[in-house]
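Subject: Structure handover

Hello,

Here is the structure I promised to pass on. Please open it beside this note; my findings follow below.

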Amino acid sequence: MQFSDPPLTITDEPLRLVEFALNKVRDAVFLVDNQTRFFYVNEESCRLLGYSSQELLTMTVSDIDPGWSREKVTAMRQRVLEQADGNTFTFETCHQSKQGVMIPVEVSSNLFVCEEGSYSMCVVKDLRERRHLEQMAHMREQEFRVLVENSPDMVVRFDPRLKCQYANPAALRHLHLTAEALRGHSLREMLGDLSCVRHIERLVQQVIVSQIEADGELVESDSPLSQGTVINHTRCVPEFDCHGNLTSVMVVGRDITAIHYAEKKLEDSPMRLRLLARQREVSREEERKRIAREIHDELGQHLTTLRMGISMLRIQFTQDNPQLHERVMHLKGLADKTIQVVRNVATRLRPNVLDMGLTPALEWLRDEFISRHMGCSCRLIAPEKEVRLSDEQATAAFRVAQESLTNISRHAEATEVTILIVRHAGAVVLTVCDNGRGFDCQQPKDNAFGLMSMKERGRMLGGKVEIDSDPAVGTRVKLTIPLQQITNNNEDLEAYNE
């Protein structure tokens, strides 16, 4: 086969430099003469097609591209020659390798002229990796659409000019718009100057400026888009191209109305439980007071009458009957023991002295503790003037002191106990200290209900109970009682329910 153009002399120094440069190019490069034969191929062409350079130089373009006939290649070459302005003629096709594999390629053809003749220089780019990436991108886009279009969350994509590029069905239903009507328009153009529109625009603008994600809560109340109050959590995420330039902002809105109200109910539950516990404790103290009064007044009166009757029997009938006298004295002693038991039960339920005030009640509690623990001293330090507290406050303070002394008698092994009452400007502070063995406050115990009940009593009064203990020092229980008027518990519960 004779070439119409004379062959290139690679021994020429300029052409050797061209060959060296073309062999360093990562794309395949070959020169085609006017007979569509390969006149020159670089090393990447051989690697791409699997032929040696000697084999390729005996072949034509049609041998590696069955879809291109000689006439078509000639027409392409003629079109390249007509590109007088030096523009590149680019097209996509498939080249067949030596192993028969069809390789998608992009061919960029230019006119190459040297002293000996003119050729078509074709730069061939392997498109397999790009096609694979495009396929993967298409698959991801399909997965994205399947996920987003079936998501209950609202998803809208905006460009940097705040124009809508995409909205999923959930967002379209919420906005009462169609995809065609919304695409290419801003929310302000479609919906007007609504508070929700301003909220979304502000978040999107923040993301555009900072190029980092942002989120916030959107409350729609009496909005044309919603019925009633709807709370949405909106999250804006920037999207970038391969060069790191911001291309769009994805806005995801999730209806958290139910979650918000559930969290609020959960937050309110401890307060409800505290109010109910307070009401229960007040009712319990009232019931104790009533039972103690009935035991003291009714049962105590009957027992006293019974004892007086037994005494009259002893006086009238036992002088001449020693056996009856002994029997009557036994019954009298039994009646005295029963009366004492009744008094003890009534006192444990609620000491009558508590009606006289907190200080007398603590004095009685101190004396009871000393009578049971002869080896432990107990001091009460209180103001000379009686501290005036409500019945609920005085009862709670008495119970805290009683529980503290009970813990001391059971666990502390103390030799000194001090009960201190101090009145401040807006509060009364009750402190119970001992020099016992103490305990580690940082290690909570599952069965420490006494400590928990004391703390709960302090919270029910609007104050607090602080418990400090150290194995080397002892334990201190400090109750702070605010002096403001306590609202009736039933009124608290009714107001809270409203």
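A residue counts as buried under 20% relative accessible area, as exposed over 50%, and as partly exposed in between. Leu324 has a relative accessible area of 33%, so Leu324 is partly exposed. Please keep in mind that this is a predicted model.

Leu324 sits in helix 12, residues 322–349. Together with Leu313 and Phe317, Leu324 makes up a nonpolar surface patch.

Overall picture

The protein chain has 498 residues, and 40% of them count as buried. There are 16 helices and 15 strands. The chain exposes about 29,900 Å², with 53% of that coming from carbon and sulfur atoms. Among contacts with a separation of 6 or more, 53% join residues 24 or more positions apart.

Cores

In soluble globular proteins, nonpolar side chains tend to be buried together. The largest nonpolar core here holds 35 residues. Those touching the most other members include Leu358, Leu362, Leu405 and Ile408. Helix 13, strand 11, helix 14, strand 12, strand 13, strand 14 and strand 15 each give two or more residues to this core. Helix 14 gives the most, with nine residues. Beyond its sequence neighbours within four places, Leu362 contacts Leu380, Phe398, Ala401, Ile419, Ile421 and Leu430.

Cys378 is in strand 11. Its relative accessibility is 8%, so Cys378 counts as buried. Leaving out residues up to four places away in sequence, Cys378 touches Arg366, Phe369, Ile370, Val417 and Ile419. Cys378 and Val417 are 39 residues apart along the chain, yet their C-alpha atoms are separated by 4.6 Å.

His95 is in strand 3, residues 89–96. His95 counts as buried because its relative accessibility is 4%. Its contacts outside four places in sequence include Phe30, Leu49, Ile64, Asp65 and Val124.

Strands 9 and 10

Strand 9 (residues 229–240) and strand 10 (residues 246–255) pair in the antiparallel sense, over nine bridges. Val237 stands opposite Met250 of strand 10. The hairpin has five residues between the strands. One of the hairpin residues, Gly244, takes a positive phi near 85 degrees.

Salt bridges

How many salt bridges are there? The count is 25.

Glu239 bridges to Arg157, with the closest N and O atoms 2.9 Å apart. Glu239 is in strand 9 and Arg157 in strand 6, so this pair ties together parts 82 residues apart in sequence. Arg157 has a relative accessible area of 16%, so Arg157 is buried.

Glu213 pairs with Arg235, the closest N and O atoms being 2.3 Å apart. Glu213 lies in the loop between helix 10 and strand 8, while Arg235 lies in strand 9, 22 residues apart. Glu213 is partly exposed, at 44% relative accessible area. Arg235 is partly exposed too, at 30% relative accessibility.

Asp126 and Arg128 meet in a salt bridge at 2.7 Å, N to O. Asp126 is partly exposed, with a relative accessible area of 27%. Arg128 is partly exposed at 38%. Finally, Glu92, Glu106, Arg130, Arg131 and Glu134 are linked in a network of salt bridges.

Best wishes

Key
Residues are numbered from 1 along each chain as its sequence is written. This is a predicted model: local features need pLDDT of at least 70, side-chain atom pairs count only at pLDDT 80 or more; totals for chains, interfaces and linings use all residues. Side-chain values use heavy atoms; hydrogens and water are left out. Helices (H or I, at least four residues) and strands (E, at least two) are DSSP runs, numbered from the N terminus. Buried means under 20% relative accessible area, exposed over 50%, partly exposed in between (1.4 Å probe, protein chains only). Contact means heavy atoms within 4.5 Å. A nonpolar core is a set of buried Ala, Val, Leu, Ile, Met, Phe, Trp, Tyr and Cys residues joined through side-chain atoms within 4.5 Å. Accessible areas come from the Shrake-Rupley method with a 1.4 Å probe; for residues, only the protein chains shown count as cover. Two strands pair if DSSP finds at least two bridges between them. Patches are made of residues with over 30% relative accessible area and no salt bridge: like charges are joined within 9 Å, nonpolar side chains (Val, Leu, Ile, Met, Phe, Trp, Tyr) within 5 Å. A salt bridge is a side-chain nitrogen of Lys or Arg within 4 Å of a carboxyl oxygen of Asp or Glu.
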